[in-house]
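Visitor: I would like to go through this model with you. Could we take it topic by topic?

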Amino acid sequence: MDEFDDEDDQYLATIDLDVPEIKQKSEAQVEEDNSTPETFPFPFEAYDIQKGFMKELYKCLNNSKIGIFESPTGTGKSLSLICGALKWLKDFREKQQKELEELSCEENSRGNSQPENKNGELDWIAEFSRKKEKEEKLHKIKEEHENIEKREAKLRELGKGAGTHQVKRKRVKMEDDFDDLMKDASGDIKAAFEAELEALKKECNLSGDANLEDAHLMLDDYCSDDETEGRKKEESLDEEDHITKIYFCSRTHSQLSQFVREVIKSPYGDDTRVISLGSRQNLCINEAVKKIKSLSLMNETCLDMQKKGKKSSSKEQVKKRSKVAGCSYYKYELLQDFKDSVLLEVRDIEQLASVGKKMKACPYYGTRYAIPAAEIVALPYNTLLHKSTREACGIKLKDNVVIIDEAHNLLETINSIYSVEVTGAQALRAHNQLTQYEKKYRSRLKAKNLMYVKQILYILAAIVKCLGGKVDESSDKQIVSKSEIQLKTINNFLFISQLDNLNLFKVLRYCERSQISKKLHGFIEKYADTEVHSSAFKKESNLSGVKKFLNEIKQKTEPSVESVVSDKPVSGTHSFDNMSSPLMHIESFLEALTNCDKDGRIVVNKQGLLSQSSLKFLLLNPAVHFSSIVEQARSIIVAGGTMQPISEFTDQLFHSAGVSPSRVALYSCGHVIPADHILPLTIATGPSGQQMDFTYQFRDSPSLVSLILAFSTQYSNMLCKSLS
């Protein structure tokens, strides 16, 4: 056996893998990547600062680096970002096409020939490795190129006004005509129409029995990770392939609209696929949802209508949704038409909403359908930085470019997104609602569902107990014995609240897959005025007459809750306090508890009442949640008017996320106007001697406006006299 091993080693030693040639090729490739174009398409003659900005941006994207770009306001930063990034994207596409052609030619010319090494023996090891690598690369580039060609051909056909695109909307026109007729119809005709619909439901056996009425509120059978692995693979096969794109982020929707207008003015405005993502407040066109003031309730209502409006081949699923109308704008055919239409022309968020109203298609979901084929996706900070939101929108960062504009407050934004506060009222309300849900459907739930529901109830009760409350009393009537504020580590909080023996990762996975928060929300919406509120605290109704009499005497002799608690307002307003079901918000807090102990702290705020007490998670290490973006994205560019101190980004965000210092590129430029052309002066008072106060409270005062007008007039007269 030893002799055989020696002979085998000697044979392998004779094989020449041509390692030096491969190394020389990689070095040449690096030199090629460092090359940058001398000119960039620009709507006008670019300043030297803008040219340098675009060159450094191109080099950074070409080498897959992370760039920190600092450019003062008024230097054309947005336009430089657009022209430099799109120039790289177009060149990258051309480079992919050339590589595809070269690999195809090489594959055809090589045929079945096999190279020989210096000793005349077949170098099958190196050949197999090179062949496999080239085949995989060829297949990937070819597949992406074919998808791009198909999409471009379809969009070109739609741009020419193909007849099939108009025929597709005949059904929509017929529905509109029918709705107009029904609006002007008499009451008898409407009643007859409703009676006919009910008769059809009975014939189709869609009404269901008492057990099937709440079928859409029931938790589905929960499968383990092994059982759902195959199902996930099947679902991933149906996902549409994404082309290489640029994700552009900014703080507000108005800044995104301004960015889109800059794209239109650029030389790439006619041949670039741009899509803007927005919230439901900006893109929803359903009047029933738009009239809801709370954003959280708006999201829940939209999701509920979307789910109930989906078609299902299962008879049981049809029975589940027979009594609730879905959103008329959420239809697959309409969304596909909307997606193709908005990709033909660059539009901002307001224009996307107008197109959605005209086509009767939901712009909120239609824009998400257009993400795979878009070259630029403009989206707010929160959509990109929050992982769950990013995945729900279908954003794929793998091998794509991320540009974050106005990034001077990026660290604070990440900390704010992942900092969660839960009040005692929310935890107590969620516990009460889930208890009623479990009691009503206990006999119809599977054992695994009951187990996880019990664990969630235990967690909610532990949160209430940690704040000094009880789950069998109202939060507005529970007085906390001692008002105090404590700062605890995550591990210490889990130990004190006795949650350290639970696997929160499994509980969160169950909440995500079972959608228990949505089921509970539907349960509360249906039984809000009957079972849930009336049975909130049944222990009081079960008391004997003597105990009730004694409790009444006790309430008269004891001081009221309002006199015990100070009248000062509670610090901070909790937007989720008015939610019908706060369980989804509490899930975010549980997810925050899964962070490392060193990456966050828990603030236990006990006030006079349980409803005023709260638990707040503070994120201390923003790199934890930004690291996933760094790992997936090809290149990340953070830009702003002032990025100082830059060490905050390099140390707290990039280096902490595992980025090597050599991958981070810094670029800072001055203003377009030379410093010797500017004379800064400080003016405290106007011509009348009145002080200039531009604070927020005096910004719109008539006296300040008159003062500015008088100063501008006097300055203009002085300037004209000096020039004449």
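Guide: The conversation below covers salt bridges, cavities, backbone angles and a surface patch.

Guide: The model is predicted, with local features requiring pLDDT of at least 70, side-chain atom pairs counted only at pLDDT 80 or more, and totals for chains, interfaces and linings using all residues. Residues are numbered from 1 along each chain as its sequence is written, and side-chain values use heavy atoms, with hydrogens and water left out.

Visitor: How many salt bridges are there?

Guide: The count comes to 14 salt bridges, a salt bridge being a side-chain nitrogen of Lys or Arg within 4 Å of a carboxyl oxygen of Asp or Glu.

Visitor: Which residue meets Lys 77 in a salt bridge?

Guide: The side chain of Lys 77 meets that of Glu 406, at 3.8 Å from N to O. Lys 77 lies in helix 4 (residues 77-110) and Glu 406 in the loop between strand 5 and helix 21 (410-417), so the pair ties together parts 329 residues apart in sequence. Helices (H or I, at least four residues) and strands (E, at least two) are DSSP runs, numbered from the N terminus.

Visitor: Is Lys 77 buried or exposed?

Guide: Lys 77 is buried, with a relative accessible area of 10%, whereas Glu 406 is partly exposed at 21%. Buried means under 20% relative accessible area, exposed over 50%, and partly exposed in between (1.4 Å probe, protein chains only). Lys 77 and Glu 406 also belong to a network of salt bridges with Asp 405.

Visitor: Where does Arg 93 sit, and what is its partner's place?

Guide: Arg 93 pairs with Glu 375 in a salt bridge of 3.1 Å, N to O. This pair links distant parts of the chain, with Arg 93 in helix 4 and Glu 375 in the loop between helix 18 and strand 4 (376-380), 282 residues apart. Arg 93 counts as buried at 16% relative accessibility, and Glu 375 is buried at 6%.

Visitor: What lines the largest cavity?

Guide: Its lining has 14 residues, with Cys 284, Asn 286, Cys 302, Cys 327 and Cys 362 nearest the centre of the largest cavity. Helix 14 (295-308) gives the largest share of the lining, 3 residues.

Visitor: What about the backbone: what is the phi of Ser 64?

Guide: Ser 64 has a positive phi of about 55 degrees although it is not a glycine. Most residues other than glycine have a negative phi. Ser 64 lies in the loop between helix 3 (48-62) and strand 1 (66-70). Asp 399 likewise has a positive phi, near 60 degrees, and lies in the loop between helix 20 (387-392) and strand 5 (401-404).

Visitor: Lastly, which residues make the nonpolar surface patch?

Guide: Leu 487, Leu 618 and Leu 620 make a patch of about 280 Å². Patches are made of residues with over 30% relative accessible area and no salt bridge: like charges are joined within 9 Å, nonpolar side chains (Val, Leu, Ile, Met, Phe, Trp, Tyr) within 5 Å. Accessible areas come from the Shrake-Rupley method with a 1.4 Å probe; for residues, only the protein chains shown count as cover. Leu 620 is partly exposed, at 48% relative accessibility.

Note on methods: On a 1 Å grid over the protein atoms alone, a cavity is a set of points where a 1.4 Å probe fits but cannot get out, and a pocket is an open set with protein on both sides within 12 Å along at least five of seven lines; lining residues have an atom within 4 Å of a point.
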